[in-house]
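Hello,

Here is the structure for your files. My notes follow below it.

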Amino acid sequence: MSRLREFFSRINGPQTFGSGPRFWIPLGVLLLIAYVFPLFSDDYTIGNVAYFFTWLFMAAGLCLMWGYGGTLSFGQTAFFGIGGYTYGIVTLNFGADNGVTIYALVASVLLGAIVATLLGYFLFYGRINGVFLGIVTLAVSILLERFMAQTAGPQWRIGEARLNGFNGMNGMPALTIPWPGGDISLPAGAGFYYVILSILLIVYFGIRILVNSRFGNILVAIRENPQRAEMLGYDVRRFQLGAFVIGSALASLSGVFYTCWGQYITPSSMSLTSAALPIVWVAIGGRGDITASLLGALLTLAVFQTLTVNGAQYALIMMGVLLLVNVLTAPEGLILQLFRFRFKLSPRSQ
Amino acid sequence: MTRLSLITALSGILISTSLAADPPIKIGVLEDQSGDFALATICKVHGIQLAADEINAKGGIAGRPIQLIIYDTQSDNTRYQEFMRRVLQKDKADVVFAGFSSASREAYRPIVDQLHGLCFYNNQYEGGVCDANMIVTGAVPEQQFSTLIPWMMEKYGKKVYTIAANYNFGQISAEWVRNIVKQNGGEMVGEEFIPLGVSQFSQTIKNIQAAKPDFVVTLLVGTAQSSYYEQARAGGLELPMASSVNVGQGYEHKRFKPPTLANMYVTTNYIEEIDTPESKDFVKRWRAKFPNEPYINQEGENSYLAVYLYKEMVEKANGSTKIPDIRKAIATGGISFDAPEGKVTIDPKSQHMSHTIYLAKVNDDHSISFPKIWPDIKPYWLGEAGADLTKSNPHTQYTPSDPPKKAE
Amino acid sequence: MDIASAIFGFLYQIGDAAAFLVLASAGLAVVFGMMGVINMAHGEFIMFGAYGTAMAVRAGLPLPLAIAAGSLATGVIGVIIERLVICRLYGRPLDTIVATWGISLIFSQGTLILLGSSFPGAGTPLGSFTVGAYSYSWYRLILMLAAIVLLVGLWLLVNRTRFGILARATIQMPQMAEALGVKTRVVYSLTFGLGAALAGLTGGLYAPTMTMVPTMGSTFILEAFVTVVVGGADVFLGTAPAAGALGITKAIFTSWQGQLTGQIALLVAVILVIRLLPRGLSGWILKERS
């Protein structure tokens, strides 16, 4: 019993912001609103917020790898693509009955984790770090994109699922929950929204516990000073690999949810532009803290969309200005800056 | 409140409700006004705006004014998904005109199907979309290649080299070219597929010279790939070229210095140089409203006539914008419009459109002449391959190597 | 003379591919290699150089002067950007990604709004010549020549001129340089401006051969980044051999199996080289020397 209590006490800790009621009560209110608002809202807004949520897993994974681990990976979109395409291939071949979509989700995340292990082994045990790692992961993303974009011909199929090249794969079923008396299909709508919100919360609390545990503390120590961590006897590569695998698997989860939401996945999701976006979201929120990253990513997605809807041709310019302002005035991240100001303390002094 | 003001208020309400008895017909427009594709698509929005203004000036569709809801999709597939959902669920548009690249169309098509929307795709593409919620006014390969390739082979010779963009549109178009060349007794001396975004062609130019074709079929997509023409000319390659994509979409003949595109033949359903009286009048009206338009391309004209076709459909369906009524109107086979290119008709089996195909030749000074015109070429492939939307709705896209199964 | 013409053809393709890599990456190498700034707006600087050159040609300048004008104008824009934004971001390479990404959005969309979706091109000068059974463009040879001149010129600038020595000193040990009286702010601005001007030069050189649209820089940016990173931290030691090695790889695979294979081979080569030489080519060369 006390082990369980110790496990859950890690929700608060030195690596994450907020530990007292001043943090948890507002957050609790926010979560309550998140659960209740579909009752007062329309289909479009629910589907749109669910859409934003699909990207947050990728942001969470990047925050873990980059914010806590110091590893900047441009490869989140590669794993996003792997997750999405695997889900599509499995469900197009085996249908949606009997919970196949759930198995497909798990399989996609697992495949992402396996590929991440192989790639990570190649990178970290080859002592590749810093910007070199960024470029190699970027090269992998673009390699996948270029390769997939030309798989338009009929010979490019895995079972029943045509990869369909640049036009992308569509027609896969939405997430379907097996239920006695009739399977519940969850296209973008309230049902899907609740599923994704709940899983998002599990991931959020899971990461909080992870980074406040021994693993997280060592990861941060490696970020601060890898040589010192090595001198103290920790195998730096193993921890970096661990963070990379978890972070990339989360990106695959993002890919699966995106594919479930839109019934579509395309190689453009793995392009240079797409690869830079998660970095921008997390940077605006504040990569040093998981709460800041997620809230920042959500805010950025919403603001960018609103600008595009209302700003016509000037939307992209305003986004650029926003990024500049953010970097120059709040380099650690807008949300993180806000937290610091509100809680009037730095993260280490709890 | 005095009795007089009460009466005034009541009559005010009565008048305003009677005026509000004709709610507008909402047309959603999802086009790329920024990003990589903006060059070819900005004028699509203008075409729709011109048509909407003209129709509203004459009383609207079945007496209701058109209201345009325009979103900039930034050449980004995810924006298509976001905004298609928005325009159908939030804005409650009656019909949507959307998409340039086939990827964007395939991205939004599941959403259109799921939300039971109606969408016009006004772009040339690789053909094969068989979906009752989609109406396609763009030209398809059987319209562009079955006219172009035999003509080129007759004029220049039977040895053909194809360079195509390496994705669905390029690969399927190249397949069409290959089949037609074979049917006409010709020989493919080479085929090269270029990834999107590539702008350097020295090796390709060398390969073409080695193969010694009689003409080159160029199916290059995107502004980076169109750099080929400049480099080919500079590299001394002066073979005649045939294309279904360039000039008609990206007006390369206006942007490149002559004689880069000399001896290029393009089959297009419309370009602004067409000198029929209808076309000249259309260009005049367009330029009166949009004096700074760089060029009026085939997608602009498709978008313009699509609004009129929708008007036809709604009016033939007795003013209803509900999809089953509109589909019944289409199934009669009589939805037509006298467009700037000529008369166009919607084919009920595929919900694609017939076209007048113009063969445009780019001269040495980059002026255009029209050696041949094929009126009323129907989009026959889907129907001949066994698809029939009046009977079944497969919600899918077929390709020549993945055709609908023939009905038993 | 068949073998000679085949060899010429082969060398031409390699030279063409390598020249592209050198010209694409030179500006980025100065900015990243010397200053540690990851410039996501590199493609937009190339675009500015191209647009500037095309505008100068339309105004009547002959092509070489037009290219110089375009390059200079881009350099000035670079200095302005440095003063306004970049100077606050030294030592924070990952923040430069976000900032320069924002700048790139502003520049490309701004150009679209102000100048429209395309700009008339300048036309490739000089025509073609034949060797054996093939004809080649003279201008592509000039591009190869320009790449070589650029590398030599850059090396001379950094190693043999006063500015170069000041720049290296400032970047390696800014406090020391400042203590010795060097105006470090000016040196930083000028160095960034140099990187921008080099990108503008690339844009100007390629402008006659390419379509001029606001997003034209995007075709250079991936190759530029991978070449710079494969080259490693020391720009002169690394960029030239990196461009050479990657150029040869790309040319061979393109001529064997087509453009897609060439691109994939390039990316695979990048991954392999970094795996084998985690500090890039220059890191390996420096290690071998000592």
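Which residues of H8(B) are buried? They are Ser227(B), Tyr228(B), Tyr229(B), Glu230(B), Gln231(B), Ala232(B), Arg233(B) and Ala234(B). A residue is buried if 20 or more other C-beta atoms, placed from the backbone, lie within 10 Å of its own. Helices (H or I, at least four residues) and strands (E, at least two) are DSSP runs, numbered from the N terminus.

This is a predicted model, in which local features need pLDDT of at least 70 and side-chain atom pairs count only at pLDDT 80 or more, while totals for chains, interfaces and linings use all residues. Residues are numbered from 1 along each chain as its sequence is written, and chains are lettered from A and ligands numbered from 1 in the order in which they are written.

In chain B, the buried residues of H8(B) pack against helix H7 (202-211), strand S9 (215-219) and helix H9 (252-255). From chain C, strand S1 (128-131), strand S2 (134-137) and helix H5 (138-160) also pack against them. Gly236(B), with a positive phi near 90°, follows H8(B).

Chain C has 12 helices and two strands. Its C-alpha trace spans about 65 × 50 × 35 Å along the principal axes. Of its 290 residues, 59% are buried.

Chains A and C also touch: 31 residues of chain A and 32 residues of chain C take part (two residues are in contact if their C-beta atoms, placed from the backbone, lie within 7 Å). On the side of chain A, helix H6 (130-149), helix H11 (272-285) and helix H13 (315-329) each give two or more residues.

Regards

Definitions and conventions: Buried ≥ 20, exposed ≤ 12 C-beta atoms within 10 Å, placed from the backbone.
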